[in-house]
Amino acid sequence: MLNRIARFCYHYVFKRSSTFTLGAVISVMYFERAYDDACKYIFETVNKERLWKDIKHLYEK
């Protein structure tokens, strides 16, 4: 199974530099999105009840 995956990756992604570059760009875009969401979740979890969205109701009338 692992051999089939490696063969597929080599023939369709790594064999030509254009597809390798495209694969790298797409991978970076998805990684950036996932990393951003994870950091945002951690920040909001650590700062719960101290963010404006949590205390806005106290100051608006």
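**Exercise 1. Find which backbone atom the side chain of Asp54 reaches, and describe the surroundings of Asp54.**

Solution. The side chain of Asp54 comes to 3.1 Å from the backbone nitrogen of Glu49, where a polar contact is a pair of N or O atoms within 3.5 Å; within protein, one must be able to donate a hydrogen and the other to accept it, and residues adjacent in sequence count only if both atoms are side-chain atoms. This is a predicted model, in which local features need pLDDT of at least 70 and side-chain atom pairs count only at pLDDT 80 or more, while totals for chains, interfaces and linings use all residues. Residues are numbered from 1 along each chain as its sequence is written, and side-chain values use heavy atoms, with hydrogens and water left out.

Then list its contacts (heavy atoms within 4.5 Å): apart from neighbours within four places in sequence, Asp54 touches Asn47, Lys48 and Glu49. Finally, consider charge: Asp54 is buried but has no salt bridge, and the nearest side chain of opposite charge, that of Lys48, is 4.6 Å away. Here buried means under 20% relative accessible area, exposed over 50%, and partly exposed in between (1.4 Å probe, protein chains only); Lys and Arg count as positive and Asp and Glu as negative, whereas His and the chain ends are not counted.

**Exercise 2. Describe Glu49 by its location, its accessibility and its phi angle.**

Solution. With a relative accessible area of 54%, Glu49 is exposed. Leaving aside neighbours within four places in sequence, Glu49 is in contact with Asp54 and Ile55. Its phi is near 70°, which is a positive value in a residue other than glycine. For comparison, most residues other than glycine have a negative phi.

**Exercise 3. State how many salt bridges the whole structure holds, and characterise the partners.**

Solution. The search of the whole structure gives two salt bridges, each defined as a side-chain nitrogen of Lys or Arg within 4 Å of a carboxyl oxygen of Asp or Glu. One joins Arg33 and Asp37 at 3.5 Å, N to O; because these residues are four apart in helix H2, about one helical turn separates them. Arg33 is exposed at 56%, while Asp37, at 39%, is partly exposed. In the other, Glu44 pairs with Lys53, with 3.4 Å between the closest N and O atoms. Glu44 is partly exposed because its relative accessibility is 27%, and Lys53 counts as exposed at 52%.

**Exercise 4. Identify which residues make the nonpolar surface patch of about 390 Å², and locate Met1 and Leu2.**

Solution. The patch is made by Met1, Leu2 and Ile5; for such a patch, residues must have over 30% relative accessible area and no salt bridge, and nonpolar side chains (Val, Leu, Ile, Met, Phe, Trp, Tyr) are joined within 5 Å, like charges within 9 Å. Met1 lies in the segment before helix H1 (2-14), and its 76% relative accessibility makes it exposed. Leu2 is found in helix H1 and is exposed at 68%.

Terms used:
Accessible areas come from the Shrake-Rupley method with a 1.4 Å probe; for residues, only the protein chains shown count as cover. Helices (H or I, at least four residues) and strands (E, at least two) are DSSP runs, numbered from the N terminus.
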